[in-house]
Amino acid sequence: MKKILYVFMTLLLLFLVACSKDSGEKAGTTDKSKEVTDNFNETGMPIVDEPITLKMFAGMGNNTLKNWNDILVWNTYEEMTNIHIEWEQIEAEAIEEKRNLALASGSLPDAFYAANMPTLDIFKYGQQGSFLELNDLIEKYAPNLTKLMEENPDIRKAITFPDGKIYSLPSIYDPEFTSVRTHPLMWYNSELLDKYGMEVPASTEEFY
């Protein structure tokens, strides 16, 4: 479970650092960059002292919960990090069209999340500069991900493009964490049910 959730935390951290670097370059001054950097904590929580908002393009599967602003794990992360996510939730059948429109128009979110981005598109727009190179940021700010890639070299190989750069983060989960395969179906901890002498509910009434 920690491996899955850590990917999202890494995503927030890397994009915040990258945006602070990018904002200073675009402004042509160090004032804006310094302002953002002063609000950023390199270690620990919260990631930023003053709350900020990031816009994320998010693809939704057919069984995905409809309102991501009402999901406990996202709300918990917001409290931990001081980073609010403004979700642009896209239904599965519209992902490709809206993703391509965003890429073609240059009207990009701060991040794409679960957007079914083709590998060739990641490489193409990475080389064009639309996507940020993450190599150095991962090395500096994502020790857990770095360790996973050292332990499993295939992970680094899979996300590194021919130009030697990394433009996106992988989804990583422990194969023994079987509940991720049943998401978003309900599942129970059998040890807890056994402790209280309960059977798995077979109806809505039994569930209540």
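## Exposure and the model

A residue is buried when its relative accessible area is under 20%, exposed when over 50%, and partly exposed in between. The model discussed here is predicted.

## The salt bridge

Side chains of opposite charge can pair when their charged atoms come close. This structure holds 1 salt bridge. K165 forms it with E133, and the closest N and O atoms are 3.8 Å apart.

The pair links distant parts of the chain, 32 residues apart. K165 sits in the loop between helix 8 (153-159) and helix 9 (179-182). E133 sits in the loop between helix 5 (119-128) and helix 6 (135-141).

How accessible are the two partners? K165 has a relative accessible area of 31%, so K165 is partly exposed. E133 has a relative accessible area of 37%, so E133 is partly exposed too.

D121 lies in helix 5. D121 is buried, yet has no salt bridge. Which side chain of opposite charge is nearest to D121? It is R99, 4.5 Å away.

Leaving out residues up to four places away in sequence, D121 touches N100, L103, G126 and F131.

## Aromatic pairs around W68

A pair of aromatic rings is described by the distance of the centres and the angle of the planes. The whole structure contains 13 aromatic pairs. One of them joins W68 and W87: the ring centres are 4.8 Å apart and the planes stand at 80°, so the pair is edge-to-face. W68 belongs to the loop between strand 1 (52-60) and helix 3 (72-81), while W87 belongs to strand 2 (residues 83-91). The two are 19 residues apart, and the pair links distant parts of the chain. Both W68 and W87 are buried.

W68 also forms an aromatic pair with Y113. This pair is edge-to-face, with 6.2 Å centre to centre and 80° between the planes. Y113 lies in strand 3 (residues 111-113) and W68 in the loop between strand 1 and helix 3, so the pair ties together parts 45 residues apart in sequence.

Is W68 buried or exposed? W68 counts as buried because its relative accessibility is 6%. Y113, at 23% relative accessibility, counts as partly exposed.

Technical notes. Residues are numbered from 1 along each chain as its sequence is written. This is a predicted model: local features need pLDDT of at least 70, side-chain atom pairs count only at pLDDT 80 or more; totals for chains, interfaces and linings use all residues. Side-chain values use heavy atoms; hydrogens and water are left out. A salt bridge is a side-chain nitrogen of Lys or Arg within 4 Å of a carboxyl oxygen of Asp or Glu. Helices (H or I, at least four residues) and strands (E, at least two) are DSSP runs, numbered from the N terminus. Buried means under 20% relative accessible area, exposed over 50%, partly exposed in between (1.4 Å probe, protein chains only). Lys and Arg count as positive and Asp and Glu as negative; His and the chain ends are not counted. Contact means heavy atoms within 4.5 Å. Rings of Phe, Tyr and Trp (its six-membered ring) pair if their centres lie within 6.5 Å; planes under 30 degrees apart count as stacked, over 60 as edge-to-face and the rest as tilted.
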